[in-house]
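Work through the exercises below with the sequence and the model side by side. Try each task before reading its solution.

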Amino acid sequence: MTAQAALPTLHEATYDTGRQKIFVAKAGEGPAVLLLHGGGPGTNGVSSYVRNITALARDHQVIVPDLPGYGRSTKGVDPADPFGHLADGVRGLLDRLGLEKAHLVGHSYGGACALRLALDTPDRVDRMVLVAPGGIGTTRALPTPGVNRLLSYYTGDGPSRQKLEEFIRRYLVFDDADITDSAIEERYRASLDPEAVAAPPLRRPSGRGALRTIWKMDLTRDARLTRLAVPTLVVWGAADKVNRPSGARMLADRLPDCDLYLAAGTGHWPQYERAERFNRLCADFLAGRR
């Protein structure tokens, strides 16, 4: 793993999109790129991309929101259409920022958000990097052990530090050698936000409309995928225990303009575990150097 570079000065603000308030940290100047984080308990935008913001801010205006349901943004995600709810929130943020179009980098839950936004409004997306995105082939196999751990965090006996540490050390990364106890403690405390506990942003669909929701959340079932012309880079860890690496090939086979990078010895957090390689890939791709 890569040593963490010092973060640049981050300019923080909260934007009211009409439906929710979204907290944002920004750095750098240039073409706008939004970094959309994953859905693990206690996460947020800056902590998810802590090893990437500095490198990408050299040539871009880097915009790092806390997605709806997380961090300092409004809690609660529509359980009937979570990816659509997140995409609407990010689209509203683009409007508030005065951005007609931006690059999107999305990890896991944020990757599903980015892809759904691109499917709904492709004219708002310049280039897109999907990092082990959610919603890929999820109706074609049983949930992975890592997904089951995520979905059960707030259920049963409720959140605990042990649950979170097990997820991070056993399922999030391939090698947990530089995951500190203090980082786990900080994320655990954040996961105890009363609003998140009351309405977890990542949950198993249930109720009368559950099957419809499950089907809609598998983005490989969306007929628009094969017509999506947004240039896309897919990055996936070969040892991912949360979202199956086979999803990378599913996307490459369906998207008409898709590059693929499969990282050996890497789990579900490629932008952290392989930061130097990820930052180079990402910077070259966003600049059109393929």
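Predicted model: local features only at pLDDT ≥ 70, side-chain atom pairs only at ≥ 80, totals over all residues.

**Exercise 1. Give the strand order of the open sheet and name its edge strands.**

Solution. 
- Step 1: Trace the order. The open sheet has eight strands, arranged 1-2-4-3-5-6-7-8.
- Step 2: Check the pairing sense. It is mixed.
- Step 3: Find the strands that pair on one side only. These are strand 1 (11–16) and strand 8 (258–263), the edge strands.
- Step 4: Neighbouring strands are turned by 20° against each other on average, direction ignored.

**Exercise 2. Describe how strand 3 pairs with strand 4 and strand 5.**

Solution. 
- Step 1: Strands of a sheet pair through backbone hydrogen bonds, either parallel or antiparallel.
- Step 2: Take strand 5 (residues 102–107). Strand 3 (residues 32–36) pairs with strand 5 in the parallel sense, over four bridges.
- Step 3: Locate residues on that side. Val33 faces His103 of strand 5, and Leu36 stands opposite Gly106 of strand 5.
- Step 4: Turn to strand 4 (residues 61–65). Strands 3 and 4 run parallel and are joined by three bridges. Here Leu34 stands opposite Ile63.

**Exercise 3. Is strand 3 enclosed or exposed, and which residues cover each face?**

Solution. 
- Step 1: Count the buried residues. Five of the five residues of strand 3 are buried.
- Step 2: Sort them by face. Ala32, Leu34 and Leu36 lie on one side, Val33 and Leu35 on the other.
- Step 3: Conclude. Both faces are covered, and strand 3 is therefore largely enclosed by the rest of the structure.

**Exercise 4. Classify the ring pairs of Tyr109 with Tyr70 and with Phe83, and say where the rings sit in the chain.**

Solution. 
- Step 1: A pair of aromatic rings is described by the distance of the centres and the angle of the planes.
- Step 2: Note the total. The count comes to four aromatic pairs.
- Step 3: Classify Tyr70 and Tyr109. Their centres are 6.4 Å apart and their planes stand at 75°, so the pair is edge-to-face. Tyr70 is in the loop between strand 4 and helix 3 (82–97), Tyr109 in helix 4 (residues 109–120), 39 residues apart.
- Step 4: Tyr70 is buried at 4% relative accessible area, and Tyr109 is buried at 5%.
- Step 5: Classify Phe83 and Tyr109. With centres 5.9 Å apart and planes at 70°, this pair is edge-to-face. Phe83 lies in helix 3 and Tyr109 in helix 4, so the pair ties together parts 26 residues apart in sequence. Phe83 is buried at 4% relative accessibility.
- Step 6: Tyr70, Phe83 and Tyr109 form one aromatic cluster.

**Exercise 5. Which rings lie under the charged ends of Arg72 and Arg127?**

Solution. 
- Step 1: Start with Arg72. Its charged end sits over the ring of Phe23, 3.8 Å from the ring centre.
- Step 2: Move to Arg127. Its charged end sits over the ring of Phe285, 4.8 Å from the ring centre.

Methods. Residues numbered from 1 in each chain as written. Heavy atoms only, no water. Pairing = 2+ DSSP bridges. Helix = DSSP H or I, 4+ residues; strand = E, 2+ residues; numbered from the N terminus. Axes fitted to C-alpha atoms, helices over the stretch in contact; angles between N-to-C directions. Buried < 20%, exposed > 50% of the residue type's maximum accessible area, 1.4 Å probe, protein only. Phe/Tyr/Trp six-rings, centres within 6.5 Å; stacked < 30°, edge-to-face > 60°. Lys NZ or Arg CZ within 6 Å of the ring centre and 35° of its normal.
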